[in-house]
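User: I'd like to learn how to read a structure like this one. Can we go through it feature by feature?

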Amino acid sequence: MRTVYSNTRHPKLVKWSVVAAVIISVACLVLYFVVDGDNWVRNILYIGWFLLLFTSVYLGSYLLSRYIIDEEADTLTFSGNKKYPMKISNMSTISYKESKKGRFRSLQIHDNGVSFMDIRTTKENADRIASQLTKANTSIVVNHVNCW
């Protein structure tokens, strides 16, 4: 059985939003160079270029990340690293990384060797991923770790 966990329900909408924000940010940069003088319009165009470009790239990379659990192939795959899937049978621990106040940050999965996978997703997705992995491999230890 193959299960896909995503950070968004509408990936096509996110893709087109990121593309539109990048196009608008490039337009702001072009207008910044076209507008003459040292006025407030140029400052707003520069700030708009900077904010649109970087927030769209970072939010897009977070929202478009997908995690695929394939129980038949015994693998967990991250969309950004499809070449090196992690074997479910080799996993040893799943750690919920939380802030000192108890706020969920990420899910970190370690195998018996030296590799690990840091899953940045919502708490609900992390609970679903952890429960599916512990059902597939009962020897996985789940713990909570305070960080930051």
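This is a predicted model: local features need pLDDT of at least 70, side-chain atom pairs count only at pLDDT 80 or more; totals for chains, interfaces and linings use all residues.

User: How many bridges join S6 to S7, and do the strands run parallel or antiparallel?

Analyst: The general idea is that strands of a sheet pair through backbone hydrogen bonds, either parallel or antiparallel. Here four bridges join S6 to S7, and the two run antiparallel. To find the pairing on screen, look at Gln-108, whose bridge partner in S7 is Asp-118.

User: And what lies on the S5 side? How many bridges does S6 make with S5?

Analyst: S5 and S6 pair over seven bridges, again in the antiparallel sense. Glu-98 has Phe-104 in S6 as its bridge partner. These two strands also form a hairpin, with five residues between them, and Gly-102 in the turn has a positive phi of about 95 degrees.

User: Is S6 mostly covered or mostly open?

Analyst: Mostly covered: six of the eight residues in S6 are buried.

User: Which residues have the most contacts inside the largest nonpolar core?

Analyst: In soluble globular proteins, nonpolar side chains tend to be buried together. The largest core in this model has 19 residues, and those with the most contacts inside it include Leu-76, Met-91, Ile-109 and Leu-133. Strands S2 (66-70), S5 (91-98), S6 (104-111) and S7 (116-119) and helix H3 (123-136) each supply at least two residues of this core. H3 gives the largest share, four residues. For a close-up, pick Met-91: among the residues it touches are Leu-76, Met-86, Ile-109, Leu-133 and Ile-140.

User: What is the strand order in the open sheet of four strands?

Analyst: The order is S1-S2-S3-S4, with antiparallel pairing. S1 (2-6) and S4 (81-87) are the edge strands, each pairing on one side only. Neighbouring strands of this sheet are turned by 20 degrees against each other on average, direction ignored. H3 packs on the sheet, touching S1, S2 and S3 (75-78), and the direction of H3 makes about 160 degrees with that of S1. S1 and S2 are joined by five bridges, and Val-4 has Ile-68 in S2 as its bridge partner.

User: One last thing: is Asp-70 buried or exposed, and which side chain of opposite charge is nearest?

Analyst: Asp-70, in strand S2, is buried yet has no salt bridge; the nearest side chain of opposite charge is Arg-2, 4.9 Å away. A salt bridge would need the charged atoms within 4 Å. Leaving aside neighbours within four places in sequence, Asp-70 is in contact with Met-1, Arg-2, Thr-75 and Ile-88.

Methods: Residues are numbered from 1 along each chain as its sequence is written. Side-chain values use heavy atoms; hydrogens and water are left out. A nonpolar core is a set of buried Ala, Val, Leu, Ile, Met, Phe, Trp, Tyr and Cys residues joined through side-chain atoms within 4.5 Å. Buried means under 20% relative accessible area, exposed over 50%, partly exposed in between (1.4 Å probe, protein chains only). Contact means heavy atoms within 4.5 Å. Two strands pair if DSSP finds at least two bridges between them. Axes are lines fitted to C-alpha atoms, for helices over the stretch in contact, and angles run from 0 to 180 degrees between N-to-C directions. Lys and Arg count as positive and Asp and Glu as negative; His and the chain ends are not counted.
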